[in-house]
Protein chains: 2
Amino acid sequence: MQTYADMTKEQLQEELTKVRQIYKEYQDKGLKLDMSRGKPSSGQLDLGMGLLNAVDAESLMQAENGLDTRNYGGLDGIPEAKRLMAGIMEVRPEQVIVCGNSSLNTMYDMVARGMLLGYLGQTPWCKLDKVKFLCPVPGYDRHFAVTEHFGVEMINVPMTEEGPDMDMVEKLVAEDDAIKGIWCVPKYSNPQGVIYSDETVRRMAALKPAAKDFRIFWDNAYAVHHLYGAEKGKILNILDECEKAGNPDMVFEFCSTSKISFAGGGIAAIAASEANLADIKKSLTIQTIGFDKVNQLRHVRFFKDADGIAKHMEKHAEFLRPRFELVLETLESQLSGLGAGSWIKPMGGYFITYETNEGCAKRVVALAKEAGVVLTPAGAPFPYGKDPKDSVIRIAPSYPTMEDLKAAAEIFCVCVKVATLEKMLEA
Amino acid sequence: MQTYADMTKEQLQEELTKVRQIYKEYQDKGLKLDMSRGKPSSGQLDLGMGLLNAVDAESLMQAENGLDTRNYGGLDGIPEAKRLMAGIMEVRPEQVIVCGNSSLNTMYDMVARGMLLGYLGQTPWCKLDKVKFLCPVPGYDRHFAVTEHFGVEMINVPMTEEGPDMDMVEKLVAEDDAIKGIWCVPKYSNPQGVIYSDETVRRMAALKPAAKDFRIFWDNAYAVHHLYGAEKGKILNILDECEKAGNPDMVFEFCSTSKISFAGGGIAAIAASEANLADIKKSLTIQTIGFDKVNQLRHVRFFKDADGIAKHMEKHAEFLRPRFELVLETLESQLSGLGAGSWIKPMGGYFITYETNEGCAKRVVALAKEAGVVLTPAGAPFPYGKDPKDSVIRIAPSYPTMEDLKAAAEIFCVCVKVATLEKMLEA
């Protein structure tokens, strides 16, 4: 394929006319397709239906410590659920509090605690003039929405193929004690699918922040969400690394079963140091008498243990892999070598990120919309929804049928071509 | 029975010697009994086991609006769950957001929103020098714990047999714009079992608070928890009354199924005005993608509707009524006419409150403990755990077996006698 950059103005114009014609043909089909939603498809959800039979009217409802899961008590979760969630995060059960149905809510609560109560006796952030968070970009829009909601100033840190730019992170946190946190999705990052390298994790754990109450918000959302096996997705254990580096209290790790069992019908968890857990529990015991232990028991009875989870996730992978590959093959065949942008092949997670040439992402999303394909709004993976280069587009292949996905991916490629050519010709 | 007040010092001393002997006999039995916990017994929880079969691996998991309850979405709850929870609170479904597993957590979140974000555009409370809440006493210790946790100053308001002392409430909220809320359990109040009179509800709804962001926290925890039928527990609809009084936004109402289905395994809800709901949703959409809709569906499929709930609650009443009556009969036979305190016969809820003579409650609780009967700590139903008269003791009859409850109630009466006589003799 000839790179656009090598074409003359006339050739580009000719090419644009051609792809516009193809675009128009797609448009005329009046399709309604959606690649915006990072949610499991009903086929994946069907995989988990056995969960609903895992406890029934005949079940013994006692946890292994004798606690009746149907009654009050057990603030930090039943022991077997702690083990299950510890298995997902590869931490020790005693480092875990099992929470409600949403890790996002758990993260929101943790930021709210920082704001209102302060961590480990530090000043609540709402009493300070300025609070800042580092935001590796592109990242997860709902993370950024939480900090924006609470008036936290967000600072972009570029992602590399190894994780956040650690030179920049180290410098910023050492200089500015208003920086209280960093949002991380360390494995199969949302949206790029980046796996933090061992060096990145070690440097993260060894940060020397000016703020004593600086915390790494380690959202291990895709801990077991492999497409090509667990080996490809290995990351270092951040809790261990923080401990080794003399920063045991500097991290909160989060996970949930939302994309393992049911989205919103699962269980979430937080892992942290002994001191942090004690601090959290002091506030948690005011907030609730306890989370839903029946659902905790249900998950343990269904999945049994980390092996059970791994086997279940293989079924998800069988479902998702062809979808990812379909999109990637379409990108490869349609856009490779054109000089119209780039992408990384993710080894897991829920997204593919397409990076257009500068200034093209919004136009691609708009074109796709007019051709019946809904994409995540351009800019969404950035704080305040502002992509400084207007180039990142998040593609979510999980939800559509294979047929729809094929059409959507093809239309996407045409939109990229149109937008890229338009941009080059306008220069 | 001769009133203690009519006895001579010698007679009192003689009586004390006698009851101390009885107390000692109980003590020697080495019993281990517990009347402290306001939680359902396993017999009650067994009533709800059918809930676990209400959705299973064969079920259709779509809500009536087509939403797949296993997937993300549906921030404010599935329509049929809104109807179910509206039925419990006797409000309209469109006034309801169905929440997670805990109404306490929902209340905590609402106070946290007041602190961090402010209601309907008002200044967040964390930016103010002083925030105060009115606390009808005795009341629910976990309410007071939430406001204490956030550094809110709590002001005691005495309860009458019709609800909080409304003269005092009206005066205080009109004078002081630092007063931002009042905790209410309007039906079968925790711990006294008081039912707010129509006049109380109307005056509450017609308050003219100095603070624009003053809110009534209307914890309708025992909305359907009748011992002698629904008729005995009628209260006016606070949302309607607030609307009529021109204060539509002044109230948040809460409820849950924790003592209907499973404690902690149920669903909670908040009801409020249109403006408040919109305000809450603006923040809720940042906090979570949605609550557990599978559990919402499970509850709807099991209970069907308000009638189904009412029938189920009759079974709970059959279970609880003999327990309440056993305690009340014991109080009646052992303490009536003695001048050693008083109590109200509750028509529903989870507690009986015994009011000792001034300065005796702590001593009764300590004596009971030494005789093997755990009671809720004296003072617990008051802000900061301080009962100014040291006279209120909360009795929870739901959890023990009838046999244990009988022994515990008898020991309780002996402890009351000992403490009362000691106090009179020391004067």
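Student: How many salt bridges does the rule find across the interface of chain A and chain B?

Tutor: The rule finds two salt bridges across that interface, a salt bridge being a side-chain nitrogen of Lys or Arg within 4 Å of a carboxyl oxygen of Asp or Glu. This is a predicted model, in which local features need pLDDT of at least 70, side-chain atom pairs count only at pLDDT 80 or more, and totals for chains, interfaces and linings use all residues. Side-chain values use heavy atoms, with hydrogens and water left out, while residues are numbered from 1 along each chain as its sequence is written, and chains are lettered from A and ligands numbered from 1 in the order in which they are written.

Student: What makes the meeting of A:Arg70 and B:Asp46 a salt bridge?

Tutor: The side chains of A:Arg70 and B:Asp46 meet at 2.7 Å, N to O, and that value lies within the limit of 4 Å, so the pair meets the definition.

Student: How many residues are in contact between chain A and chain B, and how much area do the two chains bury?

Tutor: With contact taken as heavy atoms within 4.5 Å, 58 residues of chain A touch 58 residues of chain B. The two chains bury about 4700 Å² between them, with 56% of it on carbon and sulfur atoms; buried area here is the accessible area (1.4 Å probe) that two parts lose on being put together, summed over both. On the chain A side, A:Arg70, A:Tyr72 and A:Ile286 lose the most area to chain B, together giving 16% of what that side buries.

Student: Which elements of chain A supply the side that touches chain B, and how are its residues classed?

Tutor: Helix 2 (42-46), helix 4 (103-116), helix 5 (141-149), helix 9 (274-287) and helix 10 (293-303) of chain A each give two or more residues to that side, and helix 4 contributes the largest share, seven residues. These elements are DSSP runs numbered from the N terminus, helices being H or I with at least four residues and strands E with at least two. By class, the side of chain A that touches chain B has 26 nonpolar, 19 polar and 13 charged residues, where Ala, Val, Leu, Ile, Met, Phe, Trp, Tyr, Cys and Pro count as nonpolar, Asp, Glu, Lys and Arg as charged, and the others, Gly among them, as polar.

Student: Why is the relation between chain A and chain B called that of a two-fold axis?

Tutor: Chain A can be laid on chain B with an RMSD of 0.0 Å by a turn of 180 degrees and a shift of 0.0 Å along the axis, and therefore the relation is that of a two-fold axis. The superposition is by least squares on the C-alpha atoms of residues with pLDDT of at least 70 in both copies. The same surface serves both copies, since 100% of the contact residues of chain A recur in chain B.

Student: How is chain A divided into domains, and what lies between them?

Tutor: Chain A is divided into domain 1 (4-44 + 310-426) and domain 2 (61-304), with bounds that come from an automatic or database domain assignment. Their C-alpha centres lie 31 Å apart, and 28 residues of domain 1 are in contact with 31 residues of domain 2. The area buried between the two domains is about 2600 Å², of which carbon and sulfur atoms give 66%. A:Met313, A:Met347 and A:Tyr384 supply 25% of the area that domain 1 buries against domain 2, more than any other three residues.

Student: How many salt bridges are counted between domain 1 and domain 2 of chain A?

Tutor: The count between domain 1 and domain 2 of chain A is zero salt bridges. On the side of domain 1 that touches domain 2, two or more residues come from each of helix 11 (306-335), strand 11 (352-356) and strand 13 (392-395) of chain A, and helix 11 gives the most, with eight residues.
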